[in-house]
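Biologist: I would like to learn how to read a few features of a structure. Could we go through them together?
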Amino acid sequence: MARKPFGGIRKVVFDWFAERFPVTPWAEASRKVFLSIHRQMPRSHAEKYELKTIWYWYPLYCLGGLAFISFIILTITGIVLGFYYVPEGTITYDIEGNPGSAAYESLVFIMEAVPLGFVWRGVHHWAAHIFIAAVFLHMARVYFTGAYKKPRELNWILGVLLLLLSLGFGYTGYLLPWNALAFSAATIGINMATSIPIIGDATAEIMFGGLALGANTVLRMYWLHIFILPLVGIGMMILHMSIVWIQGIAEPH
Amino acid sequence: MQQGRPERGVREESIGFPTQYGPVRSDKKPGHALMPHEVYRDVVIILIMTGVMFILTGIAVPELGKSANPNVVVEVELPDWYLLWSWGLLKISELFPPITIFGLSFSTLTYGALLSGVPFILILILPFIDKGSESRPAKSNVRAAIGVAGIVWVVAASIYSVNVLIIPRFTTADGTSILSDDTLKWLFVVEPVLAGLVTYVALRRLAFKPMRRINTLLNVSALVLLLALTAYLLIGVNLLEGRDFISLLNRENLFVGLFVGVALSTAVVALFIVYFLDEHRGRRTLFLWMAFVLALLTPVTWYLMTFEQGIFDTVQTYIMTNSHVFIALPIFSLVVTYFGQRTPYSDYEFKLNECYQCGRCHIVCPITKVEADALGGLNLVYNVYKRQHDGVPMWSCLTCDACSAVCPLDINYSAYVLTERAKVMKAKQRIPVERPTVVARPTAANGGMEGDP
């Protein structure tokens with residue numbers, strides 16, 4: 001019997017780690033918990049009930065998954081764009097009086113100077129559109145098949161909050177290039193925020209970094225877009241999908 | 001009861017689709033393994049998704065546009081498409097007067113912000129309003145109708161948000177606008193209601209429910225509404241403005257009358273179809289009427305566009321301004337008639353289609369224990385219905401209803417069996433049967449004994 005190559009080295013390395021971080025008992029314990037509650041990969045409706053006929057709505061059951069795949073692609077492309085983007089919205093004027101900002105200039109740099117920069121931005125852009133379209137359609141599917149009913153009320157509420165987060169992702173991302181359209185959208189947004197009685201001014205201060213648009217706005221939007229929303233969003237997505245796993249996929253009879 | 005040649009199930013041999021049913025099955029447990037089935041499928045989907053994104057990037061690179069400039073006002077303010085509805089609600093908020101209550105001022109922007117929150121609050125509390133168990137849209141058509149109306153409402157809000165882009169596109173030759181802002185505002189009300197009603201009708205038909213009453217109700221309502229609004233628009237407005245009717249009878253108004261007449265007669269034709277024709281003749285008549293309308297209006301429109309530009313402008317201004325009345329309502333009548341016209345037949349088809357083959361009926365069925373022909377299958381009634389059985393064992397059914405008693409979907413099989421048997425018997429009665437020769441009853445008179453069989 002031939003000896004496995006690097007067997008000794010692997011054992012040495014593994015033992016070195018195992019002495020310092022004894023993961024085996026923990027892995028065993030979690031495996032026991034896992035097996036004791038009989039979790040399994042969710043089976044599809046057709047498998048569960050041994051169906052001969054494939055129901056015509058089944059393709060619409062992949063929309064949540066499509067949204068998740070888009071989100072992963074958004075994360076990857078977003079990380080790459082993050083290497084080049086500068087969240088600085090102070091508007092400066094050149095000698096001829098043309099406006100510009102560090103944020104906008106960094107976008108120009110991505111589009112024109114970074115190798116394949118326009119592809120990274122393009123994929124990020126279109127993945128965002130597909131993401132939100134998939135989320136909308138996913139919600140429509142859940143609504144029309146009545147999948148929000150008992151016992152899935154909590155997951156529906158989580159889903160609605162995730163939809164709000166998705167719109168937040170879209171809006172904050174739309175403002176980041178700090179071009180003319182972004183500025184007008186920001187103007188509408190800050191005006192809507194300040195118009196709300198009592199909490200309006202505080203909302204504008206938190207979201208837009210002041211009662212008027214300024215250099216802080218882009219920084220706030222950037223931090224919301226790349227840290228706060230992903231942090232909350234990923235947590236809620238994990239919860240959302242765990243509940244689907246535990247409760248099973250709802251399919252109408 | 002020979003109902004047709006038994007067919008093999010399409011998926012009998014594929015993974016997860018066994019030929020045995022119920023808990024006593026002996027073949028392997030169904031289900032796909034994670035690797036390779038699910039992994040391969042998901043990898044394909046992920047690659048296609050990524051490919052689509054790259055192709056879209058290649059076709060349309062997102063433009064950057066000019067830099068933000070606080071000193072220049074943008075001509076058209078435009079959020080991304082998924083926020084257009086909110087932008088539309090902000091614009092429609094002009095309808096509400098700004099007020100101040102307890103020192104809190106409510107401006108147009110406030111109303112817009114609050115209105116955008118309303119749909120979210122509604123969908124958040126949805127599970128606590130609409131309770132019960134999940135079901136397919138055909139079984140809960142009110143919910144589906146409200147859903148479609150909601151989607152149309154969101155689309156209407158999105159369309160209204162770009163009103164400054166739409167209105168300039170609809171102009172006469174001399175640049176006068178033919179589509180008013182008020183007409184677009186009615187998009188929030190008319191089309192969602194009509195779309196909801198159409199969905200209700202179409203799904204009701206899908207669920208094999210009686211259609212005649214709802215069809216008549218909707219078509220009569222549409223016709224009455226159309227007649228009332230036409231009377232108001234053609235006569236009432238002129239009366240209110242104190243015009244002389246004789247002077248209105250000119251060539252321009254005659255052409256307007258032609259188009260309005262087509263709209264009115266479309267609603268009348270739809271009602272006629274609902275009341276007098278069956279499904280197939282009704283739908284055929286409907287298409288013939290649409291062809292007739294096209295054949296009539298196309299040359300007239302061409303004539304007006306070519307030779308009578310002034311009259312054409314008047315006509316299109318009139319029709320487009322009142323498009324919710326003269327375009328949306330007749331189309332609504334036609335669509336309701338198309339979806340709603342159905343010859344009433346058995347609702348068993350719908351009910352039997354609900355079966356998800358749990359196999360409980362097979363376990364309790366006494367016939368499957370003794371009838372060699374019925375062994376090994378699912379419910380013999382279901383198999384006959386699905387043409388996977390020649391139908392003979394259905395005559396052995398005792399109609400004991402044991403299957404219906406255990407059916408999780410309350411499918412009433414024995415009623416189906418009795419109806420189908422009655423149908424066959426009725427058909428047989430019409431066929432002349434060669435009757436056997438009458439043999440005289442054996443009596444003492446003809447040499448037999450009383451009581452002989």
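Biologist: In which hand does helix 2 of chain B pass helix 3 of chain B?

Modeller: A crossing is left-handed if the near helix is turned anticlockwise from the far one by less than a right angle, and right-handed if clockwise. Here, helix 2 of chain B makes a right-handed crossing with helix 3 of chain B. Helices (H or I, at least four residues) are DSSP runs, numbered from the N terminus. Do keep in mind that this is a predicted model, where local features need pLDDT of at least 70, side-chain atom pairs count only at pLDDT 80 or more, and totals for chains, interfaces and linings use all residues. Residues are numbered from 1 along each chain as its sequence is written, chains are lettered from A and ligands numbered from 1 in the order in which they are written, and side-chain values use heavy atoms, leaving out hydrogens and water.

Biologist: At roughly what angle do the axes of these two helices cross?

Modeller: Axes are lines fitted to C-alpha atoms, for helices over the stretch in contact, and angles run from 0 to 180 degrees between N-to-C directions. For helix 2 (residues 84-92) and helix 3 (residues 108-124) of chain B, the axes come within 8 Å and cross at roughly 135°. That makes helix 2 of chain B oblique to helix 3 of chain B; angles under 35 degrees count as roughly parallel, over 145 as roughly antiparallel, 65 to 115 as roughly perpendicular and the rest as oblique.

Biologist: Which residues meet there?

Modeller: Contact means heavy atoms within 4.5 Å. Helix 2 of chain B brings residues including B:Trp85 and B:Leu89, and helix 3 of chain B brings others, among them B:Gly112 and B:Phe120.

Biologist: Now, how many salt bridges does the whole structure have?

Modeller: A salt bridge is a side-chain nitrogen of Lys or Arg within 4 Å of a carboxyl oxygen of Asp or Glu. Over all chains, a search finds seven salt bridges. One of them joins B:Arg205 and B:Glu279, with the closest N and O atoms 2.4 Å apart. B:Arg205 lies in helix 8 and B:Glu279 in helix 12 of chain B, so the pair ties together parts that are 74 residues apart in sequence.

Biologist: Are B:Arg205 and B:Glu279 buried or exposed?

Modeller: Buried means under 20% relative accessible area, exposed over 50%, partly exposed in between (1.4 Å probe, protein chains only). Both B:Arg205 and B:Glu279 are buried. In another salt bridge, A:Lys11 meets A:Asp15 at 3.0 Å, N to O. There, A:Lys11 is exposed at 54%, while A:Asp15 is partly exposed at 29%.
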